[in-house]
Amino acid sequence: MTRRQASSTRRGGLSRILHSKSKSSPLLSISLVLFGAILLILYACSGSGVLGGRKDVVSRVEGDFSCTFEVSSAIPVLKNAYGGSMKNVLHVGPESCSVVAKFLREGETEAWGVEPYDIEDADRNCKALVQKGIVRVADIKFPLPYRAKSFSHVIVSDALDYLSPKYLNKSLPELARVSADGIIIFAGYPGQRRAKIAQLSKFGRPAKMRSSTWWQQLFTETSLEENEAAVKKFEQAASKMSYKPACQIFHLNSYH
């Protein structure tokens, strides 16, 4: 008798547990679905910039720092500082398509680009710019495929940091040759990381982050002078627009 009661008690307890689980199961499923939906929304927002996150910030954390992102951010400041003199621009550096596309979207300034490295992984929009001849793939260690003073300004980023002094002494004058009103150089600060190991085959050598003193010496050796008026206007525009560059920015006069 006692055994049958104990057995009955166990069956009754098990029945209550299963009944309780069956009641909570729908609620648990709904909670998991809602949680998953929230995660997907947060991921989508972070990728599109709704949460204020910039994709280049992620790149910096991972060690893939890029001054080309700075060029895109600095375009409004550059336009403010240089005014109407920035008529047609040549951007030289990796991801040139993104910079050229931003100039073209904003209008007012015509833009072309030189991509110094392989673009096999480029998207459809970039390949379209290449097919139209707006962006060219060219090794900047050799003369650029443009006539003298073809552009009002030349903007260069993430390209000179990978060149040795031997080639810099040739490339800088070439950038000056194709510009009429100025050269703007975006260069990394000493201590900043640049290309990942897997990318070194693409760039040919690790990036060399030089000090402003080193660059100034190179400018002197290549007879390039700093555009003091442009420096002052850019600093004023940057302050007014709350822009704080993460790269060194040099404003140089073209050869006269």
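Mentor: A polar contact is a pair of N or O atoms within 3.5 Å, and residues adjacent in sequence count only if both atoms are side-chain atoms. Please keep in mind throughout that this model is predicted.

Trainee: What makes the pair of His153 and Ser152 a polar contact?

Mentor: The side chains of His153 and Ser152 are joined at 3.1 Å, and since the limit is 3.5 Å, with side-chain atoms required on both sides for adjacent residues, the pair qualifies.

Trainee: Why is His153 said to be buried rather than exposed?

Mentor: The relative accessibility of His153 is 1%, and buried means under 20%, so His153 counts as buried. His153 belongs to strand E4, residues 151-157, and, with residues up to four places away in sequence left out, the residues it touches include Tyr82, Met86, Asn88, Leu90 and Asp181.

Trainee: How do you know that Asn88 is buried?

Mentor: Its relative accessible area is 17%, which is under the 20% cut-off, so Asn88 also counts as buried. Asn88 lies in strand E1, residues 88-92, and its side chain reaches the backbone oxygen of Ser150 at 2.9 Å. Beyond its neighbours within four places in sequence, Asn88 is in contact with residues among them Thr109, Trp112, Phe151 and His153.

Trainee: Why is the link of Cys67 and Cys247 called a disulfide?

Mentor: Their sulfur atoms are 2.1 Å apart, and as a disulfide requires sulfur atoms within 2.5 Å, the pair meets the criterion. The link of Cys67 and Cys247 has -110° about the S-S bond and is left-handed.

Trainee: What makes the disulfide of Cys97 and Cys126 right-handed?

Mentor: The torsion about its S-S bond is about 55°, so the disulfide of Cys97 and Cys126 is right-handed. Cys97 lies in helix H4 (residues 96-106) and Cys126 in helix H5, so the pair ties together parts that are 29 residues apart in sequence. The sulfur atoms of Cys97 and Cys126 are 2.0 Å apart, and both residues are buried. The structure holds two disulfides, and with bonded cysteines counted along the chain their pattern is 1-4, 2-3.

Trainee: Where is the side-chain oxygen that makes Asp123 a cap of helix H5?

Mentor: A side-chain oxygen of Asp123 lies 3.3 Å from the backbone nitrogen of Asn125, at the N-terminal end of helix H5 (residues 124-131); as the limit for a polar contact is 3.5 Å, that distance falls within it. After H5 comes Gly133, whose phi is positive, near 85°.

Trainee: How do you know that H3 is mostly covered?

Mentor: Eleven of the 15 residues of H3 are buried, including Thr68, Val71, Ala74, Leu78 and Tyr82. H3 also bends by about 50° at Ala74, with the proline Pro76 following within four residues, and the helix is followed by Gly83, whose phi is positive, near 60°.

Trainee: How many aromatic pairs does the count come to, and why is the pair of Phe234 and Tyr243 called edge-to-face?

Mentor: The count comes to seven aromatic pairs. For Phe234 and Tyr243 the ring centres are 6.3 Å apart, within the 6.5 Å limit, and the planes stand at 90°, over the 60 degrees required, so the pair is edge-to-face. Both Phe234 and Tyr243 are buried. Elsewhere, ring pairs link Trp214, Trp215, Phe219 and Phe250 into a cluster.

Note on methods
Residues numbered from 1 in each chain as written. Predicted model: local features only at pLDDT ≥ 70, side-chain atom pairs only at ≥ 80, totals over all residues. Heavy atoms only, no water. Polar contact = N/O pair within 3.5 Å; in protein donor to acceptor, adjacent residues only side chain to side chain. Helix = DSSP H or I, 4+ residues; strand = E, 2+ residues; numbered from the N terminus. Buried < 20%, exposed > 50% of the residue type's maximum accessible area, 1.4 Å probe, protein only. Contact = heavy atoms within 4.5 Å. Phe/Tyr/Trp six-rings, centres within 6.5 Å; stacked < 30°, edge-to-face > 60°. Bend = angle between axes of the 7 residues up to and from the residue.
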